[in-house]
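Hi,

Here is the structure I promised to pass on.

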Amino acid sequence: TQNTLDLYGVSGPDGSFAYNCLLARRLAESGVRFIHLYHRGWDHHNDLVRYMGICSGLCDQPTAALIKDLKQRDMLKDTLILWTTEFGRMPSSQGSKGRDHNPFVFTNWMAGGGIRGGTTHGESDEWGFRPADRNNPTTCHDIHATIMHQLGINHEQLTVRHDGIDRRLTDVHGNVIQPILA
């Protein structure tokens, strides 16, 4: 309906992130079990304020609409959404207008799929440069272990053979992040 298109900010079947979020909802309704959405253009080494405004403007409304739409359709409880990146950004500028990659601290969030809403986990230091608790940081392995747990898979038992070695997605690391589970 036009109301749904407006909710997502879709102006037509143009391949925009908004259209892809709506398409993701339709795929989920059809029983597709894994859907990957990608929005490129977040690598801001220069003119950070301008480009963050553009990317956020293209992604915020459709992402919020997808969550709201899944919840209205009673699908969010069975759908796990992960919004993530492969690294964070340094708390200081790079040159005059950008920020370089930060491999130590980054943000991701999860919604639905048995994740407790409004919960934060894994605090950074006061500058956003390193984990606050460097001896016990939340790692990508922890995120993967938590996702697999929510899918009913024991990450310590799921192995794949690669180059003649049994390997796990979480390597020999990873703990389920219990405090964020509903």
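Below is what turned up, starting with the charged side chains. Keep in mind that this is a predicted model.

**Salt bridges**

The count comes to six salt bridges. Opposite charges on side chains can pair when the charged atoms come close.

The pair I'd look at to begin with is Arg25 and Asp69, whose side chains meet in a salt bridge at 2.6 Å, N to O. Arg25 belongs to helix α2 and Asp69 to helix α3 (residues 48–72), so this pair ties together parts that are 44 residues apart in sequence. Are these two buried or exposed? Both Arg25 and Asp69 are buried. For Asp69 the relative accessible area is 3%, and buried means under 20%, so that residue falls in the buried class.

Asp69 also has a salt bridge with Arg73, at 2.7 Å from N to O. Arg73 has a relative accessible area of 36%, so it counts as partly exposed. Which residues end up in one network through shared partners? Arg25, Glu29, Asp69 and Arg73 are joined that way by their salt bridges.

Another salt bridge links the side chains of Asp74 and Lys77, with 2.6 Å between N and O. Lys77 is partly exposed, with 49% relative accessible area.

**A nonpolar patch**

Now for the surface. Leu23, Leu27, Val32 and Ile35 make a nonpolar patch there of about 270 Å². Leu23 sits in helix α2, which covers residues 17–29.

**The start of the chain**

Last stop is Thr1, in the segment before α1 (2–8). Thr1 has a relative accessible area of 72%, and the exposed class is over 50%, so this residue is exposed. The side chain of Thr1 makes a polar contact of 3.1 Å with the side chain of Thr4. How far apart are Thr1 and Tyr19 in sequence and in space? They are separated by 18 residues in sequence and by 13 Å in space, C-alpha to C-alpha.

Cheers

Methods
Residues are numbered from 1 along each chain as its sequence is written. This is a predicted model: local features need pLDDT of at least 70, side-chain atom pairs count only at pLDDT 80 or more; totals for chains, interfaces and linings use all residues. Side-chain values use heavy atoms; hydrogens and water are left out. Patches are made of residues with over 30% relative accessible area and no salt bridge: like charges are joined within 9 Å, nonpolar side chains (Val, Leu, Ile, Met, Phe, Trp, Tyr) within 5 Å. Accessible areas come from the Shrake-Rupley method with a 1.4 Å probe; for residues, only the protein chains shown count as cover. A salt bridge is a side-chain nitrogen of Lys or Arg within 4 Å of a carboxyl oxygen of Asp or Glu. Helices (H or I, at least four residues) and strands (E, at least two) are DSSP runs, numbered from the N terminus. Buried means under 20% relative accessible area, exposed over 50%, partly exposed in between (1.4 Å probe, protein chains only). A polar contact is a pair of N or O atoms within 3.5 Å; within protein, one must be able to donate a hydrogen and the other to accept it, and residues adjacent in sequence count only if both atoms are side-chain atoms.
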